[in-house]
Amino acid sequence: MNDLKFALRQLRKSPAFTAIAVITLALGIGLNTAIFSLISALFLKGLPFQEPERVPHILTKGKDRTDEFRCRRRDS
């Protein structure tokens, strides 16, 4: 408990350091949450389409990086 009181007293003595530390933590937590939400929505839950196999794919191949556009069609 004494350590916590000492830490709070030190933070009160240097408000600039405290503000920078709080802003850094807030940005880190916010960015981490945003990136996790994006990764979760795009990669973990799958595409929000009824027929995802009909979505066009753009591929990059080889050392010369020739781009290939391929649209797979389902013939039924």
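The following legends describe close-up views of a predicted model.

Local features were considered only at pLDDT of at least 70 and side-chain atom pairs only at pLDDT 80 or more, whereas totals for chains, interfaces and linings use all residues. Residues are numbered from 1 along each chain as its sequence is written, and side-chain values use heavy atoms, without hydrogens and water.

**View 1. The elements of the protein follow the order α-α-β-β from the N terminus.** The protein contains 2 helices and 2 strands (DSSP runs of H or I with at least four residues, and of E with at least two, numbered from the N terminus).

**View 2. Helix 1 (residues 2–13) crosses helix 2 at roughly 105°.** The two axes, which are lines fitted to C-alpha atoms over the stretch in contact, with angles from 0 to 180 degrees between N-to-C directions, come within 5 Å. Helix 1 is therefore roughly perpendicular to helix 2 (65 to 115 degrees). L11, R12 and K13 of helix 1 make the contact with P15, F17 and T18 of helix 2 (heavy atoms within 4.5 Å).

**View 3. A nonpolar patch on the surface includes L27 and F36.** Its residues, among them I23, L31 and L44, together have about 1100 Å² of accessible area (Shrake-Rupley method, 1.4 Å probe, only the protein chains shown counting as cover for residues). Such a patch joins nonpolar side chains (Val, Leu, Ile, Met, Phe, Trp, Tyr) within 5 Å, from residues with over 30% relative accessible area and no salt bridge (a side-chain nitrogen of Lys or Arg within 4 Å of a carboxyl oxygen of Asp or Glu).

**View 4. L27 lies in helix 2 (residues 15–44).** L27 counts as exposed because its relative accessibility is 54% (exposed means over 50%, buried under 20%, with a 1.4 Å probe and protein chains only). Of the 76 residues in the protein, 1% are buried.

Methods. Patches are made of residues with over 30% relative accessible area and no salt bridge: like charges are joined within 9 Å, nonpolar side chains (Val, Leu, Ile, Met, Phe, Trp, Tyr) within 5 Å. Angles under 35 degrees count as roughly parallel, over 145 as roughly antiparallel, 65 to 115 as roughly perpendicular and the rest as oblique.
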